[in-house]
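Here are some notes to read with the model open beside you. Take them one at a time, and find each residue on screen before moving on.

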Amino acid sequence: MTSTAWPLPKYTEIETSRKCNRTCTWCPNAEHPVRREQELMDWGLYQDLTVQLGEAGYAGWLAFHNYNEPLLNPRLPKEIQQAREAAPLARPAIFTNGDALNRELLAELTDAGVCSIRVTRYPHSADTPPSYESIGAYLEKVGLAGLSFEYAPVRQGLGALCEADGVRLEVISPAITATYNTRGGSVTTLPLLAKARTAPCLMTATSLVVDYLGQVKMCCCVYPEAAEHRGYVIGTVRDQRLLELWDSDAMNAYRAAHAAADWSLSPACASCTQPLPETRR
């Protein structure tokens with residue numbers, strides 16, 4: 001088993017594809033064209049990353065997204081199967097806008113071994129309030145209304161949750177303007193939450209993020225296409241092993257600073273309000 005001085009992450013994002021079908025104004029994708037064309041992570045590189053996680057005994061969440069829409073990736077079931085074989089303790093998870101989801105795809109992903117699927121039903125306008133009605137309409141549309149969902153408020157707005165064939169399925173209607181933030185200043189078109197942050201941040205201590213090019217980023221909010229974020233790329237897994245980058249001097253410096261609510265090394269963090277999602281427990 002591979003070991004590191006810093007504990008293994010609780011949550012790992014490997015962005016195995018590039019494209020997103022939406023250009024939401026609360027996301028930097030609306031301001032940059034890079035995500036409008038599809039490109040998959042090199043398969044050999046992805047295989048190697050899952051093997052490295054398996055060798056380390058990684059037992060946290062493993063998601064297949066960052067700024068992409070994972071369900072647009074035709075290789076996704078194969079990627080889940082590969083993760084299950086190479087890193088059997090990892091828990092594959094999908095975070096999606098749900099546009100491409102249906103009963104058939106849900107069954108395919110379940111068979112592949114996914115553990116959790118979170119669908120966030122983004123509205124057309126940022127000031128649209130969350131509603132259970134919109135969740136119900138979506139479930140009817142994609143043929144999932146027959147499942148036993150429980151409706152309740154969630155951190156992002158309103159949600160519906162069920163367990164189906166061992167898969168945690170959650171559908172969220174978000175409160176954009178009340179809970180979303182500027183992603184460290186990479187969103188400039190909306191007056192989202194951007195107040196000064198005084199509380200420590202544990203993202204760099206608990207979460208590992210690799211984009212479709214193999215770049216390891218300081219955290220999931222980093223958007224390298226934005227000029228002010230380019231310096232927050234730690235390195236590439238094409239040149240160094242994944243857990244070497246996770247336990248690098250740069251990441252450890254960020255962790256120490258962020259634990260003390262010190263943003264001098266990462267000024268973009270000073271106005272970020274991103275909390276840790278529930279799935280990182």
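1. **Before you start.** This is a predicted model, in which local features need pLDDT of at least 70, side-chain atom pairs count only at pLDDT 80 or more, and totals for chains, interfaces and linings use all residues. Residues are numbered from 1 along each chain as its sequence is written, and side-chain values use heavy atoms, with hydrogens and water left out.

2. Helices (H or I, at least four residues) and strands (E, at least two) are DSSP runs, numbered from the N terminus. Buried means under 20% relative accessible area, exposed means over 50%, and partly exposed is in between (1.4 Å probe, protein chains only). Which residues of helix α3 are buried? In α3, which covers residues 103–112, they are L105, L106, L109, T110 and A112. Looking down the helix axis, you will find these buried residues within an arc of 160°, so they line one face of α3. That arc is taken from the directions from the helix axis to the C-beta atoms. On the face turned away from the buried side, α3 carries the exposed residues E104 and D111.

3. **Around α3 and at its ends.** Contact means heavy atoms within 4.5 Å. The cover over the buried residues of α3 includes α2 (76–86), β3 (91–96), β4 (116–120) and β7 (167–174). A polar contact is a pair of N or O atoms within 3.5 Å; within protein, one must be able to donate a hydrogen and the other to accept it, and residues adjacent in sequence count only if both atoms are side-chain atoms. Just after α3 comes G113, which has a positive phi of about 115°.

4. **The nonpolar cores.** In soluble globular proteins, nonpolar side chains tend to be buried together. A nonpolar core is a set of buried Ala, Val, Leu, Ile, Met, Phe, Trp, Tyr and Cys residues joined through side-chain atoms within 4.5 Å. The largest core here has 61 residues, and L109 and I117 are those with the most contacts inside it. A second, separate core has eleven residues, among them V34, A126, Y223 and A226. Leaving out residues up to four places away in sequence, I117 touches I94, T96, L106, L109, V167, R168, L169 and E170.

5. On a 1 Å grid over the protein atoms alone, a cavity is a set of points where a 1.4 Å probe fits but cannot get out, and a pocket is an open set with protein on both sides within 12 Å along at least five of seven lines; lining residues have an atom within 4 Å of a point. Grid points are joined across faces, edges and corners, and a volume is the space filled by probe spheres set on the points.

6. **The largest pocket.** This pocket holds about 220 Å³ of space. Of its 15 lining residues, R121, Y122, P123, S134 and S173 lie nearest the centre. Helix α4 (132–141) gives the most to this lining, with three residues.

7. **N181 and R183.** Look next at the loop between α5 (176–179) and α6 (203–206), where you will find N181. N181 is buried, with a relative accessible area of 5%, and its side chain reaches the backbone nitrogen of R183 at 2.7 Å. R183 is partly exposed at 23% relative accessibility, and its phi is near 55°, a positive value in a residue other than glycine.

8. T204 sits in helix α6 and is buried at 1% relative accessibility. Its side chain makes a polar contact of 3.2 Å with the side chain of H258. In helix α8 (residues 249–259), H258 is one of the buried residues, along with M251, Y254, R255 and A257.
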